[in-house]
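Please have the sequence and the model at hand.

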Amino acid sequence: MAIKLIATDLDGTLLAPDHLTISERTKKSLLKAHIAGCKIAIATGRTLAFTENVTEQIPFCDYVICSDGASVFDMHKSRDIYQNHISNKISKEIIDLMEPMELYYTCYVEGKVLVQKDKMDFYKERNLPDKFLEYFKKISIICESVKDELGDRDVEIIAIYSASKKDLATLKNYFDNHNLHTTTSIPGEIEITSTYVNKGTALENLCKVEGFDRDEVMTFGDALNDYEMLDFAGSSYAMGNADERCKQIAKYITLSNAEDGVAEVIENTFI
């Protein structure tokens with residue numbers, strides 16, 4: 001069956017190791033597939049505002065699966081075609097729980113990134129490039145109180161970094177008791193979304209809305225937040241640099257992101 005939709009993760013997959021750029025080879029391969037009639041989706045743990053540097057490089061992108069699948073944004077209609085967010089009540093309870101903890105966290109709300117100023121010094125991870133971190137800070141809304149800034153809005157995703165084992169155990173107990181979904185995309189981080197939210201369920205709902213069969217879908221990923229998406233698609237590729245669990249669930253394995261693994265597959269599919 002012909003491929004009609006390509007859905008690809010960003011960090012560690014579509015993007016170069018700098019987490020910012022798409023290689024010229026990969027851009028050309030995606031454009032070739034798009035011209036051939038294939039729709040293009042990016043699927044990421046990032047929220048919508050945090051993908052603008054990517055969609056500027058591939059302006060023909062059709063869909064953005066945001067915040068680990070909490071939202072699916074139609075680029076042509078400029079609106080969400082699917083949503084499943086953490087309720088305002090639960091979100092505020094999590095924020096209250098984290099308030100005395102020495103950790104760093106972000107909340108993704110309506111496509112934007114909220115960061116609490118007094119939590120910024122607790123960010124201890126040093127496994128991301130400085131230019132990427134500078135870009136992240138630039139697009140973030142730094143506020144005195146995330147809870148106040150949130151108001152009555154629901155939350156797409158809460159990402160937690162640099163938490164102690166004790167605090168993580170406390171938080172995990174809360175997440176489990178409220179049936180929240182947890183995953184990770186980079187070391188030292190945990191991502192929380194609403195019940196049943198993941199890239200796989202978001203992709204499934206995108207297919208239902210737009211009329212794609214799962215056998216017409218090709219996916220690419222490398223981290224655990226890509227696991228369900230790789231499992232869902234009829235044609236799925238784990239990157240050479242992928243987590244071993246992703247390699248086990250994917251149908252195939254391609255080259256690493258540094259070696260243009262996405263382009264390698266697309267070039268051989270859309271000859």
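## Pairing of β1 and β12

Alanine 7 has threonine 219 of β12 as its bridge partner. Leucine 5 is bridged to valine 217, also in β12. Strand β1 (residues 5-8) and β12 run parallel and share four bridges. Pairing here requires at least two DSSP bridges between two strands. Strands (E, at least two residues) and helices (H or I, at least four) are DSSP runs, numbered from the N terminus.

The model is predicted: local features need pLDDT of at least 70, side-chain atom pairs count only at pLDDT 80 or more, and totals for chains, interfaces and linings use all residues. Residues are numbered from 1 along each chain as its sequence is written, and side-chain values use heavy atoms, with hydrogens and water left out.

## The other partners

β1 also pairs with strand β2 (residues 39-43), in parallel, over four bridges.

β12 pairs in parallel with strand β13 (residues 235-238) through four bridges. Threonine 219 sits opposite serine 236 of β13. Between β12 and β13 the chain passes through helix α9 (residues 227-232), a right-handed β-α-β crossover. Right-handed means that, with the strands pointing away from the viewer, the path from the first strand over the helix to the second runs clockwise.

## Burial

Five of the five residues of β12 (residues 217-221) are buried, so this strand is largely enclosed by the rest of the structure. Buried means under 20% relative accessible area (1.4 Å probe, protein chains only). Val217, Thr219 and Gly221 point one way from β12; Met218 and Phe220 point the other way.

In β1, Leu5 and Ala7 point one way and Ile6 and Thr8 the other, and all are buried.

How values were computed
Buried means under 20% relative accessible area, exposed over 50%, partly exposed in between (1.4 Å probe, protein chains only).
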